[in-house]
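Reader: Please pick one part of this model and go through it closely, together with whatever surrounds it. Plain wording will do, and I would like the cut-offs stated.

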Amino acid sequence: MATEEIKEMPKSWAMVGGEGPQSYTQNSSYQKGVVDASKEMVTEGIKDKLDFKSLGFDSSNDTFRIADFGCSVGPNTFFAVENIIKAVKYKHHAQFNNSPPLAFQVFFNDVPTNDFNTLFKTLHSNRKYFAAGLPGTFYGRLLPKSTLHFAYSSYCLQWLSKVPKEVVDSKSPAWNKGSIQCDGLKKEVTKAYSAQFQSDMNTFLNARAQEIVGGGLMVIIMAGLPEGIFMSQAGVGMYYDLLGSCLVDMAKLGVISEEKVDSFNLPLYYSSSTEIEEIIKVNGNFSIEIMDSLSHQIWQTSKKSNIKVSVSGGRAVFQGLVEEHFGSEVVEKIFEHFAKKLADNFSIFDGAAHEHIDHFILLRRNVN
């Protein structure tokens, strides 16, 4: 049964659905690159850290249960799940050489307005697992106690459950007027975002601790920053600043109101590894088995391709938020202006002092 800790998330927090030219399905090549870059680390982590006997398995036929928290509309989730299953099969064979093969059940989780129709329409017909949809925010319980043996979440936990209320309060020292993100330049804003991130991560870990069996594993991949680096110094922060400047331009043209711009903030927080490590240790439900960062190519060779991917990828992710806050009638104008401004100013990314990093974390559920 769901618990009271579950928070309602705005309907727009789902990625753009369908399979059209503006969909997340067609515009998530960066996220696919993250899945590909993590493939070997996931495989090695399962090989070295998964112990079937400690999970209560024996040589008889059993069902191994997996969940992807924040699966979106595919196909990236399918690549990740297939890699996990392949590695688990290999480890099971190594531990129980002559035992019957495992059965697999996979739960695909995302917010209720995620396009589950597209997700399951593109599910492979020859898959080697039982599939189930699991609608609901992952900032709360979604499954019965000790259901899962392996949990996975890729590129989701930098998304907060909500924008901190202080940053949109004109009377608060943390009012974030002039920026749409936690750029690191105002300590009160950073403190508010950090506190929300800590609360959300703790809620996430507590919920997963109930759902994962003792000794079970969880992989978390999430966007972050190198130690001591502000978003304003990273290319991704410059990208968000450029989107914010487009909104200011639209307000000056009278397309949207200045008040609407001042109250718009991205519910994103890019944390350092030290910050994440501290949260996990204080939470106490998991041990950190691996904590590293992924290495993969961010930009393509062609500038034209980079601009196209940056615009279409950003729209697939942020269109819902923009539409909910400013109205559907202005979305096209905003993203058209963003495309032009990005093309005119793309050289600023060459001067970015730093790139963000992608954290790779493998956790083991402590046995109580």
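Author: Axes here are lines fitted to C-alpha atoms, for helices over the stretch in contact, and angles run from 0 to 180 degrees between N-to-C directions. Contact means heavy atoms within 4.5 Å. Helices (H or I, at least four residues) and strands (E, at least two) are DSSP runs, numbered from the N terminus. The model is a predicted one, in which local features need pLDDT of at least 70 and side-chain atom pairs count only at pLDDT 80 or more, while totals for chains, interfaces and linings use all residues. Residues are numbered from 1 along each chain as its sequence is written, and side-chain values use heavy atoms, with hydrogens and water left out.

Helix 7 lies across strand 5, strand 6 and strand 7, and runs at about 170° to strand 6. Helix 7 covers residues 273–283, and its buried residues (under 20% relative accessible area, against over 50% for exposed and partly exposed in between, with a 1.4 Å probe and protein chains only) are Glu275, Ile276, Ile279, Ile280 and Asn283. These residues sit on the same side of helix 7, because they cover an arc of only 130° around the axis, taken over the directions from the helix axis to the C-beta atoms. An α-helix has 3.6 residues a turn, so residues three or four places apart point the same way. Lys281 and Val282, on the other side of helix 7, are exposed. The buried residues pack against helix 4 (187–211), strand 5 (212–224), strand 6 (286–293) and strand 7 (357–365). After helix 7 comes Gly284, with a positive phi near 80°.

Seven strands form an open sheet in the order 3-2-1-4-5-7-6, with mixed pairing; two strands count as paired if DSSP finds at least two bridges between them. Strand 3 (130–135) and strand 6 are the edge strands, each pairing on one side only. On average, neighbouring strands of this sheet are turned by 15° against each other, direction ignored. Strands of a sheet pair through backbone hydrogen bonds, either parallel or antiparallel.

Strand 5, one of the strands under helix 7, has 12 of its 13 residues buried, so strand 5 is largely enclosed by the rest of the structure. Strand 5 is joined to strand 4 by six bridges, and the two run parallel. Ala151 has Met218 of strand 5 as its bridge partner, and Ser154 has Ile221. From strand 4 the chain crosses through helix 4 to strand 5 in a right-handed β-α-β crossover; right-handed means that, with the strands pointing away from the viewer, the path from the first strand over the helix to the second runs clockwise.

With strand 7, strand 5 pairs in the antiparallel sense over eight bridges. Met222 is bridged there to His359 of strand 7.

Strand 4 can be followed in the other direction too. Seven of its seven residues are buried, which leaves strand 4 mostly covered. Strand 4 (residues 148–154) runs parallel to strand 1 (residues 63–69), and three bridges join them. The bridge partner of Asp68 in strand 4 is Tyr152. Helix 1 (residues 29–49) packs on the sheet as well, touching strand 4, strand 5, strand 6 and strand 7, and its direction makes about 30° with that of strand 7. In the segment before helix 1 lies Ser28, which counts as buried because its relative accessibility is 4%. Between Ser28 and Asn76 there are 8.1 Å in space, C-alpha to C-alpha, although they are 48 residues apart in sequence.

Asn76 opens the way to helix 2. Helix 2 (residues 76–95) contains His92, which counts as buried at 5% relative accessibility. Beyond its neighbours within four places in sequence, His92 is in contact with Phe52, Ser99, Pro100 and Leu102.
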